[in-house]
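Please look through the structure shown here step by step, beginning with the chain as a whole and then turning to some of its details.

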Amino acid sequence: MEKKVITHQCSFCKRTIKVRDQYDMPIYDPSTGFAICKNCVREINHFLDEHEEAAQQEETKAFAGQLDDILAQNKPHIIKQYLDEYIINQDRAKKILSVAVYNHYKRMKYGYLNDDGTEIEKSNVIMLGPSGCGKTALLSHLSKLLDIPFAVTDASSLTEAGFVGADVEVAVRNLYYAADKDIEKAEHGIIYLDEFDKIARKSGANNSITADPGHEGVQQALLKMLEGSVVEFTSRGQRKHPEAPTIKVDTRNILFIVGGAFVGIDDVIAKRLSKTSSIGFGADVQGKDDKPKFDELIHKVRPEDLMQYGIIPEIIGRLPVICTLETLDEDALLRILTEPKNAPVKQYEKLLAMDHVQLEFEEDALRAVAKKAIERKTGARSLKGIIEDVMLDIMFDIPKSDEPRKVIITKDCIENGAKPTVEKLDK
Ligand SMILES: Nc1ncnc2c1ncn2[C@@H]1O[C@H](COP(=O)(O)OP(=O)(O)OP(=O)(O)O)[C@@H](O)[C@H]1O
Ligand SMILES: [Mg+2]
Ligand SMILES: [Zn+2]
């Protein structure tokens, strides 16, 4: 039996096409007879591709042009000046981050404009410092300043694929969303991995041998990302299954900054130092009991200490810039209370001013707050809570009257919960 040949006319090129299967006439509407043939579909597709490529190139050029402005506005000293408005001390960390960001922009410009083969390598940064010293705060302020996408991901929430928790791809996905789903922009962004010490291998010297929820696997996966690879992920809210459409982001040019408290690393450093000093210089100079201070030790951290702590050497090799932050002393805490643009005392002053009330913290009172915070050993983190405790009753009672007043917080208020002095002011 001979097969009947169906023909349709392409509405676009007007040719009559023999239709053996749907691929000869990919678009065909039987009710209207509207049809587009295979050749026309191909051609249209080709036009679209060409157009998109050209548009992309235009955009890239435009961005490369903008980079000159961005570079001019983001010189290291300018970035640091901005960070100074919010973060007290930690000058070295601020400098390192400012330079890292500036160089990142430079590399970007270089990548767009030069093809002579010279490569400017990335300088990913690892930050170490005690709890509450400003690591997360530094990076969150930095992120507000930048002209490129920046995403913070908590490394402690990451697990190896297969374990309960987020896969490492989440870090790149967060960046993709920070870039408003612009892949090109995301590929030049910055990823901050917070709580990075939490993925240390549990068999590292610092940890007892306990169950390890895939930390080594997380590190291996992160390593691939740090080395530069194409990371594939599904969009937010979409369950991962084989047919789900994926987004692909190349991490080659993404700058990585990681940070963590690395609790106990001072012991690792002290151990190494005591070993080396006993070889070359004989006697242990330091007495057994007066353990050197955390701050003295932390600045001497070396890659091998991080390895000992449980970070795999390949990762450490990809984090060439080591940045240490210092413990905040009483004077620093005092300044944190009053100086930054978002200082707690400034915030309460503003709040009470709306009730026509002046707020005054006596110097002794502020010092008492700082002392309390030091006792709690969580750096600047507890400052806000201590002040909040003291201020609660005031914030509750003051609005009962509209009279202009002045509230004075004394040392006694902080230490013993005494009532603050309230003075009437002239209208
Ligand atoms: N150097 C600083 N200058 C100004 N504020 C600071 C400073 N350090 C900490 N703070 C304040 O204390 C809070 C806690 O600090 P932050 O979250 O940055 O600590 P961290 O170093 O990330 O500690 P952890 O290792 O525990 O995460 C911040 O919200 C910030 O307001
Ligand atoms: Mg933190
Ligand atoms: Zn056609």
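The protein chain in this predicted model contains 16 helices and 14 strands. Of the 427 residues in the protein chain, 32% are buried. When contacts with a separation of 6 or more are considered, 68% of them are accounted for by residues 24 or more positions apart.

We can now turn to a pair of helices. Two packed helices are described by the angle between their axes and the distance between the axes. For helix 2, which covers residues 76-84, and helix 4, which covers residues 135-145, the packing angle is about 125° and the axes are 10 Å apart. Helix 2 is therefore oblique to helix 4, and the crossing in which helix 2 passes helix 4 is right-handed. On the side of helix 2, the contact is made by Ile 79, Tyr 82 and Leu 83, while helix 4 contributes Leu 138, His 141, Leu 142 and Leu 145. Sorted by class, the contact of helix 2 with helix 4 has six nonpolar residues and one polar residue, with no charged residues.

Finally, consider a residue in a loop. Ala 343 lies in the loop between helix 12 (330-338) and helix 13 (344-353). Is Ala 343 buried or partly exposed? Ala 343 counts as partly exposed because 18 other C-beta atoms lie within 10 Å, whereas a buried residue would need 20 or more. Leaving aside residues up to four places away in sequence, Ala 343 touches Ile 336, Leu 337 and Thr 338. The C-alpha atoms of Ala 343 and Glu 85 are separated by 10.0 Å, although these residues are 258 residues apart along the chain.

Note on methods
Residues numbered from 1 in each chain as written. Chains lettered and ligands numbered in written order. Predicted model: local features only at pLDDT ≥ 70, side-chain atom pairs only at ≥ 80, totals over all residues. Helix = DSSP H or I, 4+ residues; strand = E, 2+ residues; numbered from the N terminus. Buried ≥ 20, exposed ≤ 12 C-beta atoms within 10 Å, placed from the backbone. Contact = placed C-beta atoms within 7 Å. Axes fitted to C-alpha atoms, helices over the stretch in contact; angles between N-to-C directions. Parallel < 35°, antiparallel > 145°, perpendicular 65-115°, else oblique. Left-handed = near helix turned anticlockwise from the far one by under 90°. Nonpolar A, V, L, I, M, F, W, Y, C, P; charged D, E, K, R; others polar.
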